[in-house]
2 protein chains.
Amino acid sequence: MNIFIDNKSGTPIYNQIYTRLKNLIISGELKRDDALPSIRALAKDLRISFITTKRAYDELEKEGFVYTVPAKGCFVAAKNTELLREENLKSIEEHIDCIVRLAASCNLSREEVLSMVSFGFEQ
Amino acid sequence: MNIFIDNKSGTPIYNQIYTRLKNLIISGELKRDDALPSIRALAKDLRISFITTKRAYDELEKEGFVYTVPAKGCFVAAKNTELLREENLKSIEEHIDCIVRLAASCNLSREEVLSMVSFGFEQ
DNA sequence: TTAACTGTATATAATCAATATATACAGTTT
DNA sequence: AAACTGTATATATTGATTATATACAGTTAA
């Protein structure tokens, strides 16, 4: 499964697992309805508590990347790219809201902001 | 001085003081080189530890809104509006960076993002 | 010069969220 | 029945946040 834990890195174990699996799903290495390793098998493999792998899977499920069936296992959900796109759009909207508020509080016009954004894409 | 503490609100005391003073400075009610109440006097007034008022003042100083002179007091710094503008610009840049990254990961073009931003200003 | 004020520095206590875990439970498969 | 699956509950540890006391050192003005 190629998941490695770096105990020295500051990021929590459950987060490392979550990120790695998410990338595997997004990149397509794990396809729709593929079974993920069971939380216990993966935990045994990584020599950590299965509660920790469960947490990573819970996060993945909460964000719609996987679905789990009690007593059966955890599987890659469909429509991940659409889901990711929706999430990103929502996130972008939030950033824009912040920008609009900040711009207002320092008298920055729409045009000035637009040129800043446009410039941001050139970097 | 009109500073009130709401113990029921979730925001920390030092933060309430910080926000209130910052608003007084930005709005111009406290002008350049005006003396703020001493950390001890304010603490006595609010019936809290002066360490807490000190923390609020430390935050204000770190962000450039006030300067303190040991054994003399704490005073409103100059150029607050310019400073605020700079801070806001930096913050906007950061939001733009995030947006650019998000847009890239879901194949959103510069033009699409620009129209989203433009739309954001209409709300 | 001393009393009363200013801010500073260090150490500490309480609280809370985050992280990781063990254990007991219940359903599925073979 | 044995061996697997995920679930639920309770708990321990850690670290950051918040608020504090106490001892210190400089300034001011009687």
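A salt bridge is a side-chain nitrogen of Lys or Arg within 4 Å of a carboxyl oxygen of Asp or Glu. This is a predicted model, in which local features need pLDDT of at least 70 and side-chain atom pairs count only at pLDDT 80 or more, while totals for chains, interfaces and linings use all residues. Residues are numbered from 1 along each chain as its sequence is written, chains are lettered from A and ligands numbered from 1 in the order in which they are written, and side-chain values use heavy atoms, with hydrogens and water left out.

Side chains of opposite charge can pair when their charged atoms come close. Over all chains, a search of the whole structure finds ten salt bridges. One of them lies in chain B, where the side chains of Glu59(B) and Lys62(B) meet with N to O at 3.8 Å. These two residues are three apart in helix α3 of chain B, and therefore about one helical turn separates them; helices (H or I, at least four residues) and strands (E, at least two) are DSSP runs, numbered from the N terminus. Lys62(B) counts as exposed because its relative accessibility is 64%, where buried means under 20% relative accessible area, exposed over 50%, and partly exposed in between (1.4 Å probe, protein chains only).

Another salt bridge joins Lys22(B) to Glu63(B), with the closest N and O atoms 4.0 Å apart. This pair links distant parts of the chain, 41 residues apart, since Lys22(B) belongs to helix α1 (residues 13-27) of chain B and Glu63(B) to the loop between α3 (50-62) and β1 (66-69) of chain B. Glu63(B), at 24% relative accessibility, counts as partly exposed.

Turning to the DNA, 25 residues surround DNA strand D, and the closest are Arg40(A), Lys54(A), Tyr14(B), Ile51(B) and Thr52(B); a residue is near a strand if one of its heavy atoms lies within 4 Å of it. Of the atoms of DNA strand D that come within 4 Å of the protein, 59% belong to sugar and phosphate. Among the elements, α3(B) gives the most to the surface near DNA strand D, with four residues.
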